[in-house]
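Please look over the entry below before reading the comments. They cover the fold in outline and then the ligand site.

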Amino acid sequence: MRKQIAAANWKMNLSPEEGKSLLAEIVDANFKLEKKQEVIIAVPFLYLSMASGMVENINGVHIAAQDCSAYDNGAYTGQVSAEMLSQSGISYVIVGHSERRQYNHETNKELAGKLNQALANHLTVIFCCGEPLSVREEGSQEMYVKIQLDESLCMLSPGQHDNLIIAYEPIWAIGTGKTASTQQAQEMHAFIRHTLNEKFGEDAGNEIPILYGGSVKPANAAEIFGQPDVDGGLVGGASLEAKDFLEIIRSLKA
Ligand code: PEP
């Protein structure tokens with residue numbers, strides 16, 4: 001079985017104290033992860049060190065950054081390089097979240113640069129893709145996501161997909177309370193799986209976890225995660241409540 005992953009995305013939420021007590025509640029819950037299960041928590045840059053210290057001794061729980069630069073180093077005020085993350089002990093990063101594509105105008109080509117920087121520095125990447133509502137309404141979601149993957153994953157060298165996780169997040173379902181139906185999620189995940197198999201070969205493609213993101217909550221997590229090509233979720237809103245996120249972790253396939 002592929003890895004099954006519950007990933008939290010705190011976005012730009014929670015004060016340092018609130019972040020600390022949320023993470024403490026999660027850690028204190030003492031949940032047991034099965035061998036193939038993982039938990040990833042993506043926190044604001046400033047909280048990376050505090051959060052990593054808190055999960056240091058917990059098997060299967062990792063802290064992620066929410067972005068990294070497409071560049072090595074240089075005059076890029078405000079940016080954080082993949083190398084800086086890696087040298088600071090961070091092993092996971094989200095690349096291509098739809099909010100960064102929208103508000104920071106990140107293109108598929110720029111995201112290829114970020115992905116390559118992250119992988120070259122041995123980070124595991126959660127690479128996000130997904131279509132806006134207008135594309136879903138005209139029925140072109142497969143072509144749209146294929147272009148996102150083709151244009152950003154095109155420079156990967158053999159073996160680099162070992163550190164790749166895909167998150168399919170239909171933009172119309174993020175933070176809206178609208179969730180894709182289990183059938184819509186499974187169809188897109190199967191399509192993404194097929195695209196990965198074509199790119200990397202079946203053995204490698206079948207090992208890449210594909211997470212669903214878009215208003216995942218305790219009430220719908222088990223049903224969505226139960227689909228054959230859904231390997232867990234990337235969770236925004238519901239990851240800000242320990243009780244909800246813990247229930248989502250418990251909904252992973254064992
Ligand atoms: C996200 O931030 O990636 C996300 C899926 O958010 P939400 O769960 O709030 O829809």
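1. The model is predicted, and the values below are computed from it.

2. Overall dimensions. Along the principal axes, the C-alpha trace spans about 45 × 45 × 35 Å.

3. Secondary structure. The chain contains 11 helices and 8 strands.

4. Ligand shell. The ligand is surrounded by 14 residues, and the closest are Lys11, Glu169, Gly175, Ser215 and Gly236. By class, the shell has 8 polar, 4 nonpolar and 2 charged residues.

5. A polar side-chain atom of Glu169 is 2.6 Å from an oxygen atom of the ligand. Backbone atoms also take part: a polar backbone atom of Gly236 lies 2.8 Å from a ligand oxygen atom, and for a polar backbone atom of Gly237 the distance to an oxygen atom of the ligand is 2.8 Å. Of the 290 Å² of accessible area that the ligand has on its own, the protein covers 95%.

Terms used. Residues numbered from 1 in each chain as written. Predicted model: local features only at pLDDT ≥ 70, side-chain atom pairs only at ≥ 80, totals over all residues. Heavy atoms only, no water. Near = heavy atom within 4 Å. Polar contact = N/O pair within 3.5 Å; in protein donor to acceptor, adjacent residues only side chain to side chain. Areas by Shrake-Rupley, 256 points an atom, 1.4 Å probe, with all protein chains shown as cover. Nonpolar A, V, L, I, M, F, W, Y, C, P; charged D, E, K, R; others polar. Helix = DSSP H or I, 4+ residues; strand = E, 2+ residues; numbered from the N terminus.
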